[in-house]
Structure formats: structure tokens, C-alpha cells
Amino acid sequence: MSLIKVDSEKCGRDGICVEVCPLGLLSLDQEGRPQMLPAEAAFCIGCGHCVAVCSNGALDNSKNPISKHTAIPADYSPDPAQSALFLRSRRSIRHYEDKPVSREKILKLLDIARFAPSGHNSQAISYLVVEGPENLMRLSRIIVEWMRETVKLSPELAKRFNMPVVIREEEKSGARILRGAPHIIVAHAPADLAAAPVSTMLSLEYVELFAPALGLGTCWAGYAMACAQQFPAFSQFLKIPARRTITGILMAGYPRYRYHRLPARNPLDVAWFETG
Ligand SMILES: Cc1cc2nc3c(=O)[nH]c(=O)nc-3n(C[C@H](O)[C@H](O)[C@H](O)COP(=O)(O)O)c2cc1C
Ligand code: SF4
């Protein structure tokens with residue numbers, strides 16, 4: 001059975017669906033309607049482009065059915081200034097209110113991650129939300145243990161990443177590494193999926209960008225991530241399933257402070273590569 005269904009009455013025979021398929025799986029039949037030859041079906045990544053691009057809603061694809069699509073309002077046109085403000089007002093939040101975020105709200109926050117691009121539309125990232133001060137403290141201790149080991153085994157590297165100072169500060173405040181966040185979001189993916197690290201970065205960045213709309217803030221947890229990659233105790237404590245690997249970690253919670261300005265950045269560095 002074909003993956004696609006075409007409503008002949010609605011089909012405008014414009015061939016746009018054929019053009020946008022990233023894998024070139026569609027062709028036009030003799031009447032100018034799209035078709036997918038049976039041999040092509042196995043290669044469909046279910047990206048939904050063929051369905052989403054049809055202005056007549058004439059095409060359905062069982063791997064990404066039209067019934068699950070959301071219509072984009074015809075007058076939707078992103079405003080450049082608003083869009084830039086939205087992106088530029090994202091901040092790494094390092095001070096959190098001392099209150100947990102409800103599971104309901106965290107689910108709302110994480111749901112946006114599903115819509116980020118993923119290599120070959122693999123959508124293979126899973127999320128583990130760590131809650132409870134005791135668990136976060138245990139993880140901080142594991143990170144400190146890893147840092148101590150790094151200081152011993154690779155003192156130069158440890159110094160470059162400021163580890164001796166971070167260890168001292170963590171011992172004093174208990175909130176240097178994970179910043180006192182009430183949650184961390186741990187993304188994990190199949191260990192053999194080449195696109196997983198980049199796909200994770202994108203999905204967690206969607207989460208970071210969406211967080212302020214829910215009154216939340218996040219920050220990438222670089223020390224925790226490096227520890228997760230180098231020190232098995234981290235994944236063991238979180239019981240990350242075999243053959244999966246941690247690919248990204250975000251801290252999350254209610255921001256304690258509000259920002260009032262957009263910080264400056266380096267000027268754009270761009271060059272044009274011309275022929276001749
Ligand atoms: C790490 C990564 C690598 C990708 N590589 C390619 C690529 O080589 N060619 C391509 O056409 N699309 C590539 N994509 C785009 C994905 O196929 C696309 O995100 C996915 O099919 C979902 O479609 P959407 O981005 O329109 O939502 C890549 C995406 C990611 C995140
Ligand atoms: S869902 Fe994507 S890959 Fe599959 S036929 Fe449509 S456009 Fe091509």
C-alpha cells in the first residue's frame with residue numbers, strides 16, 4: 001500500500017510536493033498527480049514537507065498524516081524586529097528562585113523540543129528531568145569527584161577549565177556547578193546516531209528559547225555535560241539505558257532576576273568566497 005494518498009479533485013497538479021521532497025521520492029503520474037513508487041516508500045523519512053507544502057490540502061502521507069498538521073494562518077509573516085528581539089532576549093539564567101517547576105509546566109516546555117530539526121528527521125532524543133535537591137546534590141558531588149580526578153590526572157586541562165576554583169566554590173556554596181537550579185534536563189540518544197549531538201543542541205536550544213514564554217529560564221550545563229561524557233558514574237547514577245548516551249544538559253527553573261537590556265556582541269565576521 002502506498003504511503004501517500006492524493007485527492008484528485010483537490011490536486012492542482014503543480015508538482016510542488018515532488019520538488020520539495022528532500023529525498024526525491026515523489027514523481028508525477030501521467031495526469032500530473034504525485035505518486036510514490038512502492039520501492040521508494042522505505043526511504044521516506046516522514047518529514048511531512050510534501051503534505052505541508054500543498055496549498056490545496058490534496059496530499060496525505062501516512063508517515064506524517066495531514067490530520068496531525070497544524071494550519072499556518074494565511075497572514076502569518078514574522079516581523080524581523082520582533083523576531084530579533086525574541087532571539088536576542090534569550091539569556092543564560094544562572095540564578096533561580098527556590099521553587100520547583102511543576103511537571104505539567106516542564107512537559108509544556110519540553111514539548112517544543114519535538115519540533116526542532118533532527119538529522120534525517122530521526123527524532124531520537126529522549127529527555128530525563130532530574131528533580132529534587134538531593135538528586136541534584138548527588139550529581140554535583142559526582143561532577144566534583146570527576147573534577148578532582150581531572151586535576152590529578154590532567155592538571156593543565158583542569159586549570160584551563162578553572163576546575164580548582166570551581167571545586168572550591170562548589171564546596172562553599174553548593175550552587176556553583178548547577179547554579180542552584182531546581183531541575184536539570186538531560187537529553188540522551190542512541191550512542192551510534194551520528195547526528196544526535198547536533199540534533200540535541202538544536203532541540204535544547206528550542207527549549208531555551210521557549211522557556212521565557214512560560215516564565216522559565218535555562219542555562220547550558222557545560223561542566224555536567226563534560227562529566228557525563230568522561231565519567232561513567234554520572235550516567236550510572238541517572239540509570240541511562242544501555243546503548244544510549246547523554247548528548248546535552250540544560251539547567252531549568254524560575255529566573256530570580258529580569259534582564260532590562262540586550263548585551264552587545266562582537267561585530268559580524270563574514271567573508272564572501274568569489275570565483276576568480
Ligand atoms: C544534524 C543535522 C543534519 C542534517 N543534514 C541534512 C542534510 O545533509 N541534507 C538535508 O537535506 N537536510 C538535512 N537536515 C535537515 C533534516 O533532514 C530536517 O531537519 C528534518 O527532515 C525535519 O525537517 P524540518 O527541518 O523541515 O522540520 C539535517 C538536520 C540536522 C539537525
Ligand atoms: S514525508 Fe518527506 S521524505 Fe516522505 S515523501 Fe513526503 S517530503 Fe518526501
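Is D111 buried, partly exposed or exposed? D111 is partly exposed, with a relative accessible area of 34%. Here buried means under 20% relative accessible area, exposed means over 50%, and partly exposed lies in between, using a 1.4 Å probe and protein chains only.

## The model

This is a predicted model, in which local features need pLDDT of at least 70, side-chain atom pairs count only at pLDDT 80 or more, and totals for chains, interfaces and linings use all residues. Residues are numbered from 1 along each chain as its sequence is written, chains are lettered from A and ligands numbered from 1 in the order in which they are written, and side-chain values use heavy atoms, with hydrogens and water left out.

## Salt bridges

Side chains of opposite charge can pair when their charged atoms come close. A salt bridge is counted when a side-chain nitrogen of Lys or Arg lies within 4 Å of a carboxyl oxygen of Asp or Glu. That rule gives nine salt bridges. In one of them D111 pairs with R114, and the closest N and O atoms are 2.8 Å apart.

A network of salt bridges links D29, E31 and R33. Between R33 and D29 the closest N and O atoms are 3.3 Å apart, while between E31 and R33 the figure is 2.8 Å. R33 is buried, at a relative accessible area of 19%. D29 is partly exposed at 21%, and E31 is partly exposed at 48%.

Ligand 2 takes up the space of the second largest cavity. A cavity is a set of points, on a 1 Å grid over the protein atoms alone, where a 1.4 Å probe fits but cannot get out. A molecule sits in a cavity if more than half of its atoms lie within 2 Å of its grid points.

## R94

R94 belongs to the loop between α3 (80-88) and α4 (103-111); helices are DSSP runs of H or I with at least four residues, numbered from the N terminus. R94 is partly exposed, with a relative accessible area of 38%.

Apart from neighbours within four places in sequence, R94 is in contact with R179 and C219, contact meaning heavy atoms within 4.5 Å.

Notes
On a 1 Å grid over the protein atoms alone, a cavity is a set of points where a 1.4 Å probe fits but cannot get out, and a pocket is an open set with protein on both sides within 12 Å along at least five of seven lines; lining residues have an atom within 4 Å of a point. Helices (H or I, at least four residues) and strands (E, at least two) are DSSP runs, numbered from the N terminus.
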